[in-house]
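Biologist: I am new to reading models like this one. Could you take me through the features, step by step?
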Amino acid sequence: MSPFPRESETALSAAELNVRIRELWADGELPDDRRPEYEALVVEWAAASLDGVERAA
């Protein structure tokens, strides 16, 4: 379970997660206190990016 609660229980799309990740970098730097949030979002983004991708034989 992510340490960062969501507004709803529905999973965010890779595009929505990407927007949140970019917002964290809005000033060109990632604030140290936001690093755990960034890392959690990147993991969620990677999982969402793989949704629907079939494994090659």
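Biologist: Is the crossing of helix 1 and helix 2 left-handed or right-handed?

Modeller: First, the terms. A helix is a DSSP run of H or I with at least four residues, a strand is a run of E with at least two, and both are numbered from the N terminus. A crossing is left-handed if the near helix is turned anticlockwise from the far one by less than a right angle, and right-handed if clockwise. Here helix 1 and helix 2 cross in the left-handed sense. Note that this is a predicted model, where local features need pLDDT of at least 70, side-chain atom pairs count only at pLDDT 80 or more, and totals for chains, interfaces and linings use all residues. Residues are numbered from 1 along each chain as its sequence is written, and side-chain values use heavy atoms, leaving out hydrogens and water.

Biologist: How many helices and strands does the protein have?

Modeller: Two helices and zero strands.

Biologist: Which residues make the contact between helix 1 and helix 2?

Modeller: Contact means heavy atoms within 4.5 Å. Helix 1 brings Ala14, Leu17, Asn18, Arg20, Ile21 and Leu24. From helix 2 come Glu37, Tyr38, Leu41, Val42, Glu44, Trp45, Ala48 and Ser49. By class, that contact has nine nonpolar, two polar and three charged residues. Ala, Val, Leu, Ile, Met, Phe, Trp, Tyr, Cys and Pro count as nonpolar; Asp, Glu, Lys and Arg as charged; the others, Gly among them, as polar.

Biologist: Is arginine 20 buried, partly exposed or exposed?

Modeller: Buried means under 20% relative accessible area, exposed means over 50%, and partly exposed lies in between (1.4 Å probe, protein chains only). Arginine 20 lies in helix 1. Its relative accessibility is 26%, so arginine 20 counts as partly exposed. Arginine 20 and valine 42 are 22 residues apart in sequence, with C-alpha atoms 9.7 Å apart.

Biologist: Where is tryptophan 25?

Modeller: Look in the loop between helix 1 and helix 2. Tryptophan 25 has a relative accessible area of 35%, so this residue is partly exposed. Leaving aside residues up to four places away in sequence, tryptophan 25 touches Leu30 and Tyr38. The C-alpha atoms of tryptophan 25 and tyrosine 38 are 9.3 Å apart, and the two are 13 residues apart along the chain.

Biologist: What share of the residues in the protein is buried?

Modeller: Of the 57 residues, 16% are buried. Among contacts between residues at least 6 apart in sequence, 53% join residues at least 24 apart.
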